[in-house]
Amino acid sequence: MNLQNAVALVTGGTLGIGKAIAAALAAAGARVIITGRDAGRLAEVARELGVHAIQADVAVEADVLRTYAEVEAKFGGLDILVNNAGIGVFGPLVDFSLADFERVMATNVTGAMLMGREAAKLFVRQNRGNLVNIASTAAVRGAPNGTAYYASKFALRGMTECWRAELRKHNVRVFLVNPSEVITNFAVTAGFAQKDHPSKLQSEDIAHMVRAILEMEDRGFTTELTVFATNPQD
Ligand SMILES: NC(=O)c1ccc[n+]([C@@H]2O[C@H](COP(=O)([O-])OP(=O)(O)OC[C@H]3O[C@@H](n4cnc5c(N)ncnc54)[C@H](OP(=O)(O)O)[C@@H]3O)[C@@H](O)[C@H]2O)c1
């Protein structure tokens with residue numbers, strides 16, 4: 001697709017991978033809308049990138065409906081949804097609280113479903129669209145302490161397969177992108193230390209790949225793209 005003037009909605013576009021994707025799509029000429037919960041950060045990033053901002057929690061249905069109403073009113077449609085907003089809580093199964101489990105599922109699974117559902121309504125009506133789900137290498141294999149996060153990313157991968165099967169006949173391309181470890185704020189928010197190193201993936205690397213898969217001619221698409229650092233050092 002040609003990204004020039006394409007309308008792109010990026011959830012969680014105020015930090016890390018989402019912010020880099022928003023910047024890359026805007027640089028390619030897309031009209032970009034970012035969402036996030038923190039109003040101050042949202043306004044600051046919208047100014048910095050020259051994009052439109054909507055304060056919305058993906059896990060709150062009323063926020064999602066309001067987001068799409070605003071996108072339709074201001075932009076007249078949607079070409080790309082990037083389901084990027086995500087959080088992590090990590091810990092041993094024996095200590096895992098129901099509240100933490102539900103919090104992760106609410107954003108990473110329910111939020112992605114609500115955002116995807118409303119995008120799909122528009123895409124079916126338009127008979128075209130692009131839906132990019134940012135999962136993780138946690139979507140393809142398990143690890144200790146990963147109960148909620150890994151389950152949420154497996155679920156996102158499962159929904160991606162279903163949406164692709166449903167929406168392909170409406171000319172909608174549904175992509176899954178699985179980054180390995182990327183240096184962002186994610187670890188800090190999840191409460192663990194992350195060691196930065198020039199050999200590790202940066203948000204811009206994931207944004208580069210998202211732009212690349214979108215820019216392929218509409219007659220084809222990449223089903224699933226996994227991105228690893230070549231030789232990450234701690
Ligand atoms: N970093 C990694 O190593 C890595 C690896 C693989 C996959 N991923 C995935 O990549 C995505 C982005 O992660 P990141 O590393 O860029 O994280 P990050 O730096 O923590 O950024 C997360 C973004 O999501 C927003 N967000 C969180 N919960 C939200 C909600 N309920 N509603 C709306 N926005 C919400 C945050 O803004 P507010 O807090 O203001 O809402 C922020 O803009 C996530 O899905 C993550 O699982 C990350």
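Begin by selecting strand β6, residues 172–179, together with β9: the two strands run parallel and are joined by 4 bridges. This is a predicted model. Within this pair, select Asn178 and then Thr226 of β9, which is its bridge partner.

Next, display the whole sheet. It is open and consists of 7 strands with parallel pairing, in the order β3-β2-β1-β4-β5-β6-β9. At the edges lie β3 (52–55) and β9 (224–227), each of which pairs on one side only. Looking from one strand to the next, the viewer will find a twist that averages 15°.

Keep α1 selected and turn to the ligand. Which residues come nearest to the ligand? Of the 30 residues around it, these are Gly12, Gly16, Arg37, Gly86 and Phe186. Two or more residues of the shell are given by each of α1 (16–27), β2 (31–36), α4 (98–126) and α6 (186–190). The largest share comes from α1, with 3 residues. Colouring the shell by residue type shows 10 nonpolar, 15 polar and 5 charged residues.

Finally, select α4. This helix has 29 residues and spans 40 Å from its first C-alpha to its last, close to the 42 Å expected at 1.5 Å a residue. Where does α4 bend? The bend, of about 40°, is at Ala106. The tour ends just after α4, at Asn127, which takes a positive phi of about 60°.

Key:
Residues numbered from 1 in each chain as written. Predicted model: local features only at pLDDT ≥ 70, side-chain atom pairs only at ≥ 80, totals over all residues. Near = placed C-beta within 6 Å. Nonpolar A, V, L, I, M, F, W, Y, C, P; charged D, E, K, R; others polar. Expected span 1.5 Å × (residues − 1). Bend = angle between axes of the 7 residues up to and from the residue. Pairing = 2+ DSSP bridges. Axes fitted to C-alpha atoms, helices over the stretch in contact; angles between N-to-C directions.
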